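Let me put the thing up on the screen, and then I'll talk through it.

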Amino acid sequence: MRKHSVLAWSMVVALGGFLFGFDTAVISGAEKSIQHFWHLSVMEHGLTISIALIGTVIGSLFGARPSDIFGRKNTLYFVAAAYLLSSLGTALADNWYLFLVFRLLGGLGVGISSVTAPIYISEVSPADRRGRLVGLFQFNVVLGILISYLSNYLISQGGEASWRWMLGVQAFPSALFLALIYFIPESPRWLILKKGETGRALEILSVINPLNCEQELAAIKNSTLHDTVSSGNLFSGQYKTPVILAVLFAFFNQVSGINAIIYYAPRIFEMAGLGAHSSLLSTVGIGLINFIFTLLGINIIDKVGRRTLMLVGSFGLIASLFMVAFTFYSGHMSGFAIPVYMMMFIAFFAFSQGAVIWVFISEIFPNQVRAKGQTLGSSTHWVMAAIIAFCFPYLAESLGGAVTFSFFCVMMVCQLIFVWKFMPETKGRSLEQIETNMVMH
């Protein structure tokens, strides 16, 4: 029963990931109708699509503050409310400016949930299952993307106002998320660290880890004593190692080209000579492979470890990106070569970077600065995502597929060196044990 309690709490919080994925991808099905409906210029259309990403960057930059001040649970209430208001607001908006405000609000929800949800799950998970449980968040992001593609496809048959339904349907899972948060406890580490409520924290720890809850409580209190002596400033010298690891990890996540491929998959396939219909079909294939291999990655992350997944994934990403670049370079575009290599890329990405990123970043920072550290990793990720999504069409157009994908390939060679030389293994160790190794006292 107790084992299932932690799983249930993690599943509720991971619903934030589902809404994150759904909210990010749902606009792809509605964007053309929205452009026609409000007669938007190219610039206005670009702002309409990217405003949620702007909200995400802002949310991820400031996500640590509410999480530390009001608690992980109360911050999740705000995230759920933001998703609910955003979906209803965008579906019912009667002018373009109002539509933009509600899309921005949805983006804020995405940004804050990418900070708060992985922190919460890492803080309530037993060490031996933490990778799989935090991985649930990423799994749900991918599931949200897949369901939004499917939902868009089904709703698109519904005539002129179907875009409103595409955006409005998100209100149902948002309301469910809002209701279920009531049933989860606050993070015991936050209660000890920010509130000094050891009694309440011990009750929750006894559900998470009934055999060693007293020792775990002592270890957390001990780490907070340590931290009180040390500084809460993330950029003081002692946190140098986790800061560098988080920034580089998030940087490499995006310079693999993943978001360029997810946002622009149909365009890439058309560059490779596929017709528009085949391109859309191939995009659904990408969503499905992303889903299957993320599931595989989070199922084995606690057995084989974060570092091993990253090593295997890096080799696969280098090989698949090299083949995409080489195919563009050789000009032999006939058949399905590019889509096949792209799906190989997605499989290796989902299995390694996709499954590992939120787990690893949520583990490597000490209790005192975990929310700030998660914010740093998350905002690096989103700023890079915005830059790459913004630059990709221009680069692909002016430099061509061969140069663009060669760049991504070279970046993955750098990632391989980073993982091999610098990335520590964190599987099976408590957050306090990881902290002891990471922080320079």
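So, one term before anything else: buried area is the accessible area, with a 1.4 Å probe, that two parts lose on being put together, summed over both. What you're looking at is a predicted model, so local features need pLDDT of at least 70 and side-chain atom pairs count only at pLDDT 80 or more, while totals for chains, interfaces and linings use all residues. Residues are numbered from 1 along each chain as its sequence is written, and side-chain values use heavy atoms, with hydrogens and water left out.

The assignment, which is an automatic or database one, gives domain 1 as 1–184 and domain 2 as 238–440. Their C-alpha centres sit 21 Å apart. Counting contact as heavy atoms within 4.5 Å, domain 1 puts in 36 residues and domain 2 puts in 37.

How much area do domain 1 and domain 2 bury between them? About 3,100 Å², with 69% of it on carbon and sulfur atoms. On the domain 1 side, Arg 130, Arg 132 and Phe 139 supply 18% of the area buried against domain 2, more than any other three residues.

Which helices does domain 1 use? Those giving two or more residues to the side touching domain 2 are H1 (2–37), H2 (42–62), H3 (64–69), H5 (96–124) and H6 (130–155). Helices here are DSSP runs of H or I, at least four residues, numbered from the N terminus. H6 gives the largest share, 13 residues.

Over to H12, residues 240–255. Buried residues in H12 include Pro 242, Leu 245, Phe 249 and Phe 252, where buried means under 20% relative accessible area with a 1.4 Å probe, protein chains only. Just after H12, Gly 257 takes a positive phi of about 95°.

Last stop, Ser 314, in helix H15 (residues 306–330). Buried or exposed, this Ser 314? Buried, at a relative accessible area of 0%. Leaving aside neighbours within four places in sequence, Ser 314 is in contact with Gln 415, Leu 416 and Val 419.

Note on methods. Buried means under 20% relative accessible area, exposed over 50%, partly exposed in between (1.4 Å probe, protein chains only).
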